Amino acid sequence: MKTLIKNGTIITASEYCRADLLIEDGKIVCIGTNIGDEADVKIDAQDKLIFPGGIDAHVHMNVPCSDGSVSAGYDTETMAAAIGGTTTILDYVLQEYGKSMQESIDGASVLAESQAAVDYGFHVIVTNPDAQTIGEIKGLIASGITSFKLFMANDLALDDQQLLIFMEELARLGGLACVHAENGAIIAHLQNGHRQKKQLEPYYHFQSRPLSSENEAINRVIALAKTADCPMLIAHVSNLEGVKIITGAQAATPIYTESCPHYLVLDDEEYRQGEFAAAKYVISPPLRSKEEKEKLWVGIKNKGIDIISSDHNGFNYATHKQLGKDDYTRIPNGGPGIEQRFTLMYHALTERGIDLSRFVDLIATKPAKIFGLFPQKGTIAPGSDADLVIFDPALAWTITAKEQQQASDYTPYEGLRMKGRVAKVLLRGEVIVEEGKYVGKPGDGKFIARQTLRSQNSKV
């Protein structure tokens with residue numbers, strides 16, 4: 001089938017151009033002016049912007065909670081991703097206790113295959129870095145799962161020697177370490193002090209995870225990565241000092257920086273809400289001060305931040321977050337954002353006068369390059385998948401939980417006014433979003449096997 005998109009302004013990470021797009025069998029085949037009208041489907045993109053489909057490289061689906069419930073999954077959240085302009089997600093799959101990494105991936109695959117509305121891939125969150133787990137890395141990389149999440153804090157924390165051993169094997173096989181960098185000892189010490197003083201409200205989550213906790217861990221894990229010569233992405237960096245530590249590391253292998261919309265548009269005032277409402281913002285690392293939020297924008301402007309991911313977790317305030325009503329340390333960490341990431345960052349960057357090519361790089365192109373999806377994903381070019389967002393820059397609207405597709409009963413961005421909104425979304429050439437509604441069907445999404453950085457860089 002042929003689809004022709006006419007009269008739009010195409011924006012990639014390197015250029016703008018007013019041009020037509022011809023799509024055939026799910027691929028972009030031609031970009032040019034005055035392309036002929038022979039097509040099965042014609043789309044007029046007059047006064048619209050055409051972006052590559054967003055790639056959200058950090059989402060969490062079906063996360064288990066202490067009461068046996070789970071957060072929202074592929075059925076609702078991938079539709080929300082599509083409506084918001086994201087056409088590919090990378091889900092952090094937890095290695096369940098007592099199971100191999102492959103068994104946990106197999107369980108996620110069954111759900112995603114039947115439910116996913118967008119294309120998808122997986123990372124693995126490592127919980128048991130023993131010899132058997134390390135022995136699985138080679139097979140998972142061969143199957144297209146090339147990145148592994150390593151925690152330095154929380155219940156999933158690995159010690160430095162475990163981190164180093166795992167990184168050495170990733171370096172040998174071409175894998176990528178994705179690291180949650182916080183100092184577990186600092187956090188545990190401060191939390192114990194809060195318990196003794198009966199300071200158990202959500203506000204103290206923010207107090208228990210200071211900048212020193214994050215930045216010490218960033219410094220330490222960089223030393224480990226250098227020792228192992230392991231490529232690494234440091235996830236959800238919340239402050240400019242952390243960004244500067246990473247960009248100044250001078251490592252032989254790449255070290256990438258990820259941040260998230262909430263660190264760029266929200267701040268620690270959210271923790272000062274009355275009663276238990278601050279639980280909505282219990283995330284790790286926590287939101288920082290207004291001053292730190294403003295400083296972090298320097299990392300966007302000077303390209304110290306490589307990608308923007310949502311770190312989405314589809315918890316409900318009325319149920320999941322209430323698990324910590326008597327003790328903030330029991331509040332499930334994370335919040336929803338998969339649906340708002342694309343437009344929120346478009347609005348925030350344009351409001352600050354930042355070039356739209358930088359926007360594309362942050363939300364699509366650089367994630368594709370880091371995670372072995374480029375040039376199949378993340379760009380608009382002949383031969384690439386026709387994953388496209390047709391965007392109306394003139395449309396003004398307000399973010400509300402009432403109108404969102406994602407299953408959470410709240411959004412951290414409630415009431416924020418946006419300028420610009422997704423009009424249509426195409427996944428491999430098929431229209432899946434029309435006028436803000438999902439018009440595809442569950443299971444349309446496909447698993448995308450990813451290349452390693454090593455193999456991709458030899459081709460790009």
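At roughly what angle do the axes of helix α3 and helix α4 cross? Select residues 131-142 (α3) and 160-173 (α4) in this predicted model: their axes, lines fitted to C-alpha atoms over the stretch in contact, come within 10 Å and cross at roughly 25°. Because angles under 35 degrees count as roughly parallel, α3 is roughly parallel to α4. For the contact itself (heavy atoms within 4.5 Å), show Thr 133, Ile 134, Ile 137, Lys 138 and Ile 141 in α3, which meet Ile 165, Phe 166, Glu 169, Leu 170 and Leu 173 in α4.

Residues are numbered from 1 along each chain, and side-chain values use heavy atoms, without hydrogens and water. Local features need pLDDT of at least 70 and side-chain atom pairs 80 or more, whereas totals for chains, interfaces and linings use all residues.

Next, select Phe 51, Phe 148, Met 167, Met 232, Ile 234 and Phe 359, which touch the most other members of the largest nonpolar core, a set of 100 residues; such a core joins buried (under 20% relative accessible area) Ala, Val, Leu, Ile, Met, Phe, Trp, Tyr and Cys residues through side-chain atoms within 4.5 Å. Helix α7 (residues 211-228) gives the most to this core, with 7 residues.

Finally, select Pro 375, in the loop between α12 (356-370) and β15 (388-398); Phe 374 and Pro 375 are joined by a cis peptide bond with omega about 5°.

Key: Axes fitted to C-alpha atoms, helices over the stretch in contact; angles between N-to-C directions. Helix = DSSP H or I, 4+ residues; strand = E, 2+ residues; numbered from the N terminus. Parallel < 35°, antiparallel > 145°, perpendicular 65-115°, else oblique. Buried < 20%, exposed > 50% of the residue type's maximum accessible area, 1.4 Å probe, protein only.
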